[in-house]
Amino acid sequence: MAARTAGGGRWEVVKKGRRPGAGGSGKGGGGDRRALGEANGVWKYDLTPPIQTTSTLYERGFEKIMKRQNKEQVPPPAVEPKKPGNKKQTKKVATLANQNQKQGRFRSLEEALKALDMAALQRELDKSQSVFSGNPSVWLKDLASYLNYKLQVPPSEPTLSQHTHDYPYSLVSRELRGIIRGLLAKAAGCLELFFDHCLFTMLQELDKTPGESLHGYRICIQAILQDKPKIATTNLGKFLELLRSHQSRPAKCLTIMWALGQAGFANLTEGLKVWLGIMLPVLGIKSLSPFAIAYLDRLLLMHPNLTKGFGMIGPKDFFPLLDFAYMPNNSLTPSLQEQLCQLYPRLKVLAFGAKPESTLHTYFPSFLSRATPSCPPEMKKELLSSLTECLTVDPLSTSVWRQLYPKHLSQSRQVAVRGVTCLLATQRGLNSCFLVLLLEHLLRSWEQIPKKTQKSLQETIQSFKLTNQELLRKGSCSNQEVTTCDVACKRLLQQARGFRLPWTRLLLLVLVFAIGFLCHDFRSHGSFQASLSGRLLHSSGFLPAGQQACMRIYSYSLQGYSWLEETLPAWGSHLLTMVRPSLQLAWTHTNATVSFLSAHCASHLAWFGDSLTSLSQRLQIQFPDALNQLLHSLRELLLFLYQNVLLPMWHMLLEALSRVQEHCHKACRGEVTWDCLKTQLSEAVHWTWLCLQDITVAFLDWALTMISQQ
């Protein structure tokens with residue numbers, strides 16, 4: 001038998017010490033070791049054909065040991081003479097029995113995981129690590145083979161769409177997860193090769209009829225990508241070629257897409273890489289499109305925070321999605337197209353990124369090139385909305401539009417001259433009819449456009465108008481497209497420059513004119529009654545009505561004054577009775593506060609000034625020289641405020657308080673009591689009320705005198 005050494009890369013011949021049927025001297029591995037040997041592909045019945053190379057290197061190295069242990073545990077059958085025909089029939093029956101033994105061992109994966117012996121698995125892994133101590137990839141392959149052999153359940157569809165996104169790894173117990181993660185940590189340098197091994201082994205199993213259940217390999221793939229999702233996206237080109245090579249086998253393609261898609265559930269960026277690099281190129285294939293769109297829906301649903309995916313989708317990837325979502329009669333079914341339309345707004349956010357004000361001008365030409373009269377209404381609405389957003393958000397979009405406008409108009413004109421329909425432009429250019437639609441859309445939504453953007457758009461439309469006039473002057477006056485665009489540009493400019501009355505200035509002008517007219521009228525006629533304005537007011541009845549209104553206002557004012565004179569003292573005394581305790585307490589606290597401030601705050605202000613000085617010195621030492629001037633100015637300002645504002649105000653406050661205290665002592669004859677303060681406050685209020693009364697009476701007498709003179 002040929003075997004390959006674990007450490008080196010050479011083949012060597014292993015001599016047989018005894019017959020194949022004799023018992024070996026190796027230690028018993030039990031039924032679990034036998035299961036591991038069977039899972040690794042050991043041939044038990046027919047060894048006469050030549051050894052076939054496989055994708056794994058460890059199987060032939062294990063074959064001798066597995067064979068000895070299996071034959072030691074299972075006694076060989078009795079040798080009986082058989083006919084050649086019976087020999088073939090016996091092999092066929094044994095093969096069918098082996099297949100029936102592997103398939104349908106458990107009704108569900110939950111039962112298979114509950115029946116899995118963790119101790120036996122750990123023993124097998126320990127034995128593999130002791131035999132192949134320098135080859136960690138063998139340990140990982142043994143783990144995957146053992147799990148896949150033990151977890152045999154009825155087959156399921158490749159994408160597991162009926163289960164959660166983390167199925168079957170979500171059913172794995174905590175103990176088994178610890179074993180898997182521990183082994184993955186020990187063999188961290190072989191994880192990429194192990195991922196390839198699991199994926200290619202799954203594809204090989206799909207060639208068998210009937211094949212095995214693949215849950216063991218799926219669990220290993222999910223365990224790898226949960227912690228290191230970048231393993232799946234390191235070389236997406238290789239997997240895309242693999243996917244295209246199996247394009248005629250949908251089950252294999254879906255298996256590849258499922259395995260690579262597990263990276264997206266741990267990281268949105270890696271998931272978008274997988275979808276854009278693997279699933280978008282096959283989006284038009286009928287058998288693969290449903291899973292691709294369902295995966296994108298689940299990916300965006302699991303990662304609502306789209307900021308982590310900014311920068312992944314560019315114009316090259318975004319516009320094929322726009323075409324798939326809105327263009328009719330494409331390779332997607334109506335239901336899938338509707339589902340993609342629902343996902344389109346989030347894809348648009350991902351494409352525009354974190355700074356749309358600096359990226360939208362790169363999308364503007366592609367939006368513009370898809371604008372044709374034959375596009376469906378929903379797509380036309382989306383294109384108009386996107387073009388308007390580009391023009392209003394990114395200022396560079398207007399510059400791009402200026403560069404594209406003349407070329408598109410000239411191309412449309414060439415098509416019209418050649419007799420082709422005037423509604424279509426060339427394949428490279430834009431239809432001028434859609435230019436009219438865009439201009440009309442801007443005209444309808446002009447009020448919603450920001451003022452700053454309106455100015456830029458106004459300059460752009462003015463340049464379009466000059467371009468239209470130049471084209472018409474060169475002899476293309478019969479060009480219907482240029483004429484239509486010119487009319488639309490003029491309407492938009494008229495809307496932008498529309499006459500709006502300056503109401504504030506107009507009202508101010510009317511007021512100044514009215515005052516000037518009245519002054520001139522009074523001066524030229526000598527009095528109000530002889531003036532034109534007075535006669536006009538008297539003849540129209542406004543002057544008598546005004547005099548009557550003034551008399552009523554005067555009478556109501558007298559009534560109000562008498563009412564206040566009667567009720568205010570009573571209410572004042574009642575209010576004073578209610579708030580006297582609170583005022584006494586407030587006066588006590590205020591007196592104590594003023595005494596405390598006068599005794600202590602002067603020292604605190606001095607300390608505050610010293611602290612500011614020391615703080616400015618520290619800042620001057622620690623900060624760079626560029627800030628020294630600023631700190632010096634701030635220090636001078638604070639010192640100026642302290643010396644010229646705060647201290648004078650504080651001294652004035654102390655002086656005012658001392659004067660009030662002296663006045664209270666003089667008024668109260670040495671002893672300040674609440675009754676004395678109440679008397680002083682009442683006198684001050686009474687004096688203030690008399691002053692207001694005198695001022696009011698004087699104003700009313702003056703008003704009546706002016707009215708009687710007129």
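I take buried to mean under 20% relative accessible area, exposed to mean over 50%, and partly exposed to mean in between, with a 1.4 Å probe and protein chains only. By that rule, 35% of the 710 residues of the protein count as buried.

This is a predicted model, so I keep local features to pLDDT of at least 70 and side-chain atom pairs to pLDDT 80 or more, while totals for chains, interfaces and linings use all residues. I number residues from 1 along each chain as its sequence is written, and side-chain values use heavy atoms, without hydrogens and water.

**Overall**

I looked up the secondary structure and found 27 helices and two strands. These are DSSP runs numbered from the N terminus: helices are H or I with at least four residues, strands are E with at least two. Next came contacts, meaning heavy atoms within 4.5 Å. Of the contacts with a separation of 6 or more, 72% join residues 24 or more positions apart.

**Core**

I define a nonpolar core as a set of buried Ala, Val, Leu, Ile, Met, Phe, Trp, Tyr and Cys residues joined through side-chain atoms within 4.5 Å. The largest one has 120 residues, and Met257, Trp275, Ile278 and Phe367 touch the most other members. Helix H16 (residues 334-352) gives the largest share of this core, eight residues. I then checked Trp275. Leaving out residues up to four places away in sequence, Trp275 touches Leu280, Leu283, Ala292, Tyr295, Leu296 and Leu321.

**H7 against H9**

Helix H7 (residues 174-186) packs on helix H9 (residues 215-227) at about 65°, and the axes are 11 Å apart. The axes are lines fitted to C-alpha atoms over the stretch in contact, and angles run from 0 to 180 degrees between N-to-C directions. Which residues of H7 make the contact? They are Ile180, Arg181 and Leu184, and H9 brings Ile219, Ala223, Ile224, Gln226 and Asp227.

**Loop between H6 and H7**

Pro168 sits in the loop between helix H6 (136-150) and H7. The peptide bond from Tyr167 to Pro168 is cis, with omega near 10°. Leu160 lies in that loop between H6 and H7 too. Its phi is near 50°, a positive value in a residue other than glycine. Is Leu160 buried or exposed? Leu160 is buried, at 3% relative accessibility.

**Loop between H15 and H16**

Asn329 is in the loop between helix H15 (315-326) and H16. I noted a positive phi here as well, near 60°, in a residue other than glycine. Asn329 is exposed, with a relative accessible area of 80%.
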